[in-house]
Amino acid sequence: MPAASLSIFGAHVWHGDGFTLRDVHIVDGRISETGTPDATRIDATGQWLIPGLIDAHFHAYATSMDGLENERGPLSYTAINGARRLTRALQRGFTTVRDVAGGDIGLAQAIDAELFPSPRYHFTGPALSQTGGHGDPRSAHIDVCFSHGHMCEVVDGVDNLRVAVRERLRTGAHAIKVMASGGVFSLTDPIRIPQYSEDELRAVVDEATRRGSYVCAHAYSSEAVQHAVTAGVRSIEHGNLIDEQTAELMAQAGAFLVPTLAAYDAMDRRGADIGLNAISLQKNSEVLAKGQHAVRLAHAAGVRVGFGTDLMGDLEDDQLAGIRLQVEAGSAADTLRSMTTVNAELIGDPALGHLGAGAYGDAVLLASDPLADPSALWRQDSRVAVIRAGAPADLSA
């Protein structure tokens, strides 16, 4: 989107702990202390302005509830559908997403070229999975070869993993994603068992760290999370089955937790109707009830808790429901920080997640106070405007 100048007058503006009545000016796409005479003006009297939201566990290429279709379907269809998913995320108020399993430099180039409305986009490329791990979409009785797809790649062994990490970083990946435990969507791996050896995980972390990047890991159980964190993984995705001791270890290591509560709730309510297989439905029931408890444990231990959604296929329209679920596990203020400052810290861009001078001109204007009425955070009709780099998004499309 083109950089723009915009002045918002009279809003209650989020500052990290509460709201202050002040004007906000966006000049050439960035927050500025003063406006310009030719700026577009918005009278926001009686409204609440929050930073643009960040979804730190998004999947642009998750077109289907079928693993092999996701991985090996036509990339042209996957990319066009991914563009639509990104536009809809922007309309919901997510002005930045982190795509952790999929995406590529071509999609990023299309966004940079403003070929379609999109959040700011950070991608890992295909996630790394061991044979028979969470990223291996084959069922046990199917004898077909699979090495890589649009969202995952099967890579075994220290040397092969080093090459795979280097290739991702060569082609623009923001971070590296590994599958460090079983998962709901995969067919042959128990959820709780750690995946990849210690040497393999440390090799991935070493390569990413030397390049100034980091590793995020899909992991559910305490044993899998401990395995990943002690190897140097910075961001734990999901973490539903952690215990108090594991949360304390994460806090000591400075690791982040990115809950994805929307995914389990959506699969529980809608999965069977849209074709999710019986194995995944059973696995989902194991983690569904534990997700909010894990968030509470992480907050109590002092873990930096972010926010993600992890929605596959047609479930993408449940993105805002994840906000409600996380508010229920903590508070509106905690969840707002998770979607802004914490996720910005995780991504590593100081211009994200706040409305101070120099920040990106990304914001969501709400009709009511989200601390007094938390539903303002997840109701689409509460969004008066979604602003990306100073330009209001079209919410009617």
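Biologist: What does Gly-239 touch, leaving aside its neighbours within four places in sequence?

Modeller: In this predicted model, Gly-239 is in contact with Ala-219, Tyr-220, Leu-257 and Ala-294. Gly-239 itself sits in strand β13, residues 235-241.

Biologist: And what makes you call Gly-239 buried?

Modeller: Its relative accessible area is 0%. Buried means under 20%, so Gly-239 goes in that class.

Biologist: Let's move to Glu-286. Why is Glu-286 called partly exposed?

Modeller: Glu-286 has a relative accessible area of 32%. The cut-offs are under 20% for buried and over 50% for exposed, so a residue at 32% like Glu-286 is partly exposed.

Biologist: Where does Glu-286 lie, and which residues does Glu-286 touch?

Modeller: Glu-286 lies in helix α9, which covers residues 278-288. Not counting residues up to four places away in sequence, Glu-286 touches Ile-191, Arg-192 and Leu-241. There's also a C-alpha separation of 9.1 Å between Glu-286 and Val-184, which are 102 residues apart along the chain.

Biologist: On to the helices. How do you know that α11 and α12 are oblique to each other?

Modeller: The axes of α11 (residues 321-329) and α12 (residues 332-347) cross at roughly 130° and come within 8 Å. Roughly perpendicular stops at 115 degrees and roughly antiparallel begins over 145, so α11 and α12 end up oblique. The crossing of α11 past α12 is right-handed.

Biologist: Which residues make the contact between α11 and α12?

Modeller: On the α11 side they are Ile-323, Gln-326 and Val-327, and on the α12 side Ala-332, Thr-335, Ser-338 and Met-339. Sorted by class, that contact has four nonpolar and three polar residues, with no charged ones.

Biologist: What makes α8 roughly perpendicular to α11?

Modeller: Helix α8 (residues 261-270) packs on α11 at an angle of about 110°, and the axes are 8 Å apart. The roughly perpendicular class runs from 65 to 115 degrees, so α8 and α11 fall inside it. Here too the crossing is a right-handed one, with α8 passing α11.

Biologist: Which residues of α8 and α11 make that contact?

Modeller: From α8 you have Leu-261, Ala-262 and Asp-265; from α11, Gly-322, Arg-324, Leu-325 and Gln-326. By class, this contact has three nonpolar, two polar and two charged residues.

Biologist: What about Asp-318: where does Asp-318 lie, and why is Asp-318 called buried?

Modeller: Asp-318 lies in the loop between β15 and α11. Its relative accessible area is 10%, and with the buried cut-off at under 20%, Asp-318 counts as buried. Not counting residues up to four places away in sequence, Asp-318 touches Ala-262, Ala-266, Arg-269, Arg-270 and Leu-311.

Biologist: How many aromatic pairs does a search of the whole structure find?

Modeller: Four. One of them is Phe-94 with Phe-307.

Biologist: Why is the pair of Phe-94 and Phe-307 called stacked?

Modeller: Ring centres have to lie within 6.5 Å to pair, and planes under 30 degrees apart count as stacked. For Phe-94 and Phe-307 the centres are 6.1 Å apart and the planes are at 10°, so this pair is stacked.

Biologist: Which parts does that pair tie together?

Modeller: Phe-94 is in strand β7 (residues 94-99) and Phe-307 is in the loop between β15 (304-305) and α11, so the pair ties together parts 213 residues apart in sequence. Phe-94 counts as buried, at 0% relative accessibility. Phe-307 is also at 0% and counts as buried.

Biologist: Last topic, backbone angles. What phi does Asp-28 have, and what makes Asp-28 exposed?

Modeller: Asp-28 has a positive phi of about 50°, although it is not a glycine. Asp-28 is in the loop between β2 (19-27) and β3 (30-32). At 58% relative accessibility, with exposed meaning over 50%, Asp-28 counts as exposed.

Biologist: And is Ala-389 buried or exposed?

Modeller: Buried: Ala-389 has a relative accessible area of 7%, and the cut-off is under 20%. Ala-389 has a positive phi of about 55° although it is not a glycine, and is found in the loop between β17 (383-388) and β18 (391-392).

Methods. Residues numbered from 1 in each chain as written. Predicted model: local features only at pLDDT ≥ 70, side-chain atom pairs only at ≥ 80, totals over all residues. Heavy atoms only, no water. Axes fitted to C-alpha atoms, helices over the stretch in contact; angles between N-to-C directions. Helix = DSSP H or I, 4+ residues; strand = E, 2+ residues; numbered from the N terminus. Parallel < 35°, antiparallel > 145°, perpendicular 65-115°, else oblique. Left-handed = near helix turned anticlockwise from the far one by under 90°. Contact = heavy atoms within 4.5 Å. Nonpolar A, V, L, I, M, F, W, Y, C, P; charged D, E, K, R; others polar. Phe/Tyr/Trp six-rings, centres within 6.5 Å; stacked < 30°, edge-to-face > 60°. Buried < 20%, exposed > 50% of the residue type's maximum accessible area, 1.4 Å probe, protein only.
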